[in-house]
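Trainee: Hi, I have a new model open and I'd like to walk through it with you. Shall we start with the strands and then look at the side chains?

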Amino acid sequence: MDTPKTSLSRRRMLTIAMGGAATVALPAPAWAVTDQRPGAVRPPTLTGGDHQVAKRVSAERALQHLKVLSLGIGPRIGGTRSEKIAADYIAGVLDLLGYHVTLQPFPVADKFLAQLDSPRGLPKDLIWQAGASPHAALDTRVRGEVVDVKAGTAADYPADVTGKIVLVDYTLADRETQVATAVAQGAAAVIFLPVDLVEPRRASAFSPQLPGLAENPAPIPVVGVAQAQKHRLRELLAAGRLKLTVKTTAHRGLTSHNVIADSRRTTTGKVVMVSAHYDSVIGSPGANDDGSGTVLNLELARALRGLRTEAPLRFALWGSEEQGLIGSRYYVAQLPQEERDRIVCVYQNDMVATSWDPATRYWLLSFTGLANRATDEVAAAAVRLGYDPRISPVTLRGSSDHQSFQEVGIAAANFSWRGEASPALLEPPYHSPEDTIAKNISLERLQVSLELIGSAAYATALKP
């Protein structure tokens with residue numbers, strides 16, 4: 001494998017990480033290797049390998065990488081420049097650790113993004129990226145006073161909105177009529193506001209599809225914001241006059257990348273994989289989804305690199321997972337059968353550090369619903385660490401990159417902190433501008449995830 005050149009120097013990486021240190025302060029895990037962990041039912045009974053892992057891994061160290069991804073880079077949309085900067089950063093870290101690293105490119109669909117700003121500035125606890133409609137004005141910037149026209153019918157408009165930016169409650173059945181009304185009224189741009197979801201779910205930013213305007217796009221920008229942005233905009237407007245700048249950008253001809261890192265070059269024998277996806281959805285800085293899984297990989301790559309193993313470890317960070325597991329499916333499709341047969345199992349980590357209080361269960365998720373080497377090893381590690389009551393049974397669920405491997409018969413599973421009753425109980429900041437380090441990251445849960453996956457992966461690599 002060829003080692004890529006990173007577009008962020010090591011000094012620049014550290015500058016970004018330390019720059020975020022002043023803005024985020026999280027309570028650090030504080031237990032010794034042999035202590036009973038918070039939430040565990042008994043003191044640990046560690047193997048020698050577990051002890052080696054537990055004394056090496058550090059959620060606080062992983063946090064420095066998360067600051068780069070979530071604070072320094074922000075939303076990492078598949079195929080865009082921000083995702084490539086993240087890929088280069090990840091590759092650079094793994095290269096510095098001595099791994100054999102390659103970037104695997106693959107094509108992805110065009111993306112249409114928007115950025116909101118204000119002359120007075122917008123609240124900094126949210127990021128203000130949104131989605132842009134591909135069927136409206138792109139690669140343009142407009143500025144204007146904001147007017148809330150609610151449902152967006154002609155009767156909802158005040159006397160004159162010429163040159164103003166209108167907030168419109170998005171209605172799927174009426175969306176094209178809502179845009180046509182805004183154009184007829186002389187509005188400069190439309191900001192669609194999503195319907196609130198039932199808590200704990202909150203609506204994400206979106207690129208409004210206007211298929212009826214595909215041949216004749218709207219002459220003004222049309223963007224879709226997230227639920228959190230919607231409520232903040234209305235609060236700001238209620239507090240006084242609000243002026244916004246709306247910028248839309250079309251990203252075309254895109255290439256996304258997987259980052260693959262091997263602990264040693266081998267062409268035969270078994271391989272143990274640890275993975276996560278590093279991209280995020282529109283409008284989300286992706287701290288937990290899946291910055292947390294990404295930095296778990298980086299920290300385990302550091303902690304395990306000096307330990308003897310029978311099988312080499314391979315760390316894989318997938319691009320464009322949020323668009324339909326595109327990166328991991330591309331990777332699997334390119335593997336000859338003999339290479340697939342080498343993989344003992346895949347430990348996929350997706351959302352492993354949420355601070356949401358009800359996310360008390362650590363889920364073992366299998367696309368087939370059946371146990372395999374990955375689920376067995378994590379369940380066994382949980383027993384040794386005293387966490388077994390907090391671990392779910394093996395549960396049927398896809399929707400992350402383990403699915404790409406299980407579809408072709410490779411043992412894999414996804415591991416994640418979620419609500420007690422169901423893996424569908426995801427934290428409120430999921431896929432939203434509120435998926436930030438400050439609002440959605442627990443270093444304690446990240447530390448437990450590091451110990452569970454690290455112990456399981458190391459045990460597998462010792463006896464593949």
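Mentor: Happy to. Contact means heavy atoms within 4.5 Å, and helices (H or I, at least four residues) and strands (E, at least two) are DSSP runs numbered from the N terminus. The model is predicted, so local features need pLDDT of at least 70 and side-chain atom pairs 80 or more, while totals for chains, interfaces and linings use all residues. Residues are numbered from 1 along each chain as its sequence is written, and side-chain values use heavy atoms, without hydrogens and water.

Trainee: Where does helix α5 lie?

Mentor: Helix α5, residues 175–184, lies across β5, β6 and β7 (222–224). Its direction runs at about 145 degrees to β6, with axes fitted to C-alpha atoms (for helices, over the stretch in contact) and angles from 0 to 180 degrees between N-to-C directions.

Trainee: And do β5 and β6 run parallel or antiparallel?

Mentor: Parallel: five bridges join β5 (residues 165–169) to β6 (residues 189–193). Leu167 in that region has Ile191 of β6 as its bridge partner. Strands count as paired when DSSP finds at least two bridges between them.

Trainee: What do seven strands close into?

Mentor: A barrel, in the order β2-β3-β7-β6-β5-β4-β8, with mixed pairing. From one strand to the next, the twist averages 40 degrees.

Trainee: OK, now the open sheet. What is its strand order?

Mentor: Eight strands, ordered β1-β9-β11-β10-β12-β15-β13-β14, again with mixed pairing. At the edges stand β1 (100–108) and β14 (391–396); each has a single partner strand, so one side of each lacks a neighbour in the sheet. Neighbouring strands here are turned by 20 degrees against each other on average, direction ignored.

Trainee: Which helices pack on it?

Mentor: Among them are two I'd look at. Helix α4 (residues 81–96) touches β1, β9 (254–262) and β11 (313–318), and its direction makes about 15 degrees with that of β9. Helix α7 (residues 287–304) lies across β10, β11 and β12, at about 145 degrees to β10.

Trainee: How many bridges join β10 to β12?

Mentor: Five, between β10 (residues 271–277) and β12 (residues 343–349), and the two run parallel. Val272 stands opposite Cys345 of β12 there.

Trainee: Switching topic: how many aromatic pairs are there?

Mentor: Ten. Rings of Phe, Tyr and Trp (its six-membered ring) pair with centres within 6.5 Å; planes under 30 degrees apart are stacked, over 60 edge-to-face, the rest tilted. Tyr331 and Phe405 are tilted, because their centres are 6.2 Å apart and their planes at 50 degrees. This pair links distant parts of the chain, with Tyr331 in helix α8 (residues 326–334) and Phe405 in helix α11 (residues 402–406), 74 residues apart.

Trainee: Is Tyr331 buried or exposed?

Mentor: Buried, at 5% relative accessible area, and Phe405 is buried at 0%. With a 1.4 Å probe and protein chains only, buried means under 20%, exposed over 50%, and partly exposed in between.

Trainee: Which residues form an aromatic cluster?

Mentor: Tyr347, Tyr362, Phe415 and Trp417 form one.

Trainee: Last one: where is Asp50?

Mentor: Asp50 is in helix α2 (residues 48–56) and is buried, with a relative accessible area of 2%. Beyond neighbours within four places in sequence, Asp50 is in contact with Arg384 and Ser455.
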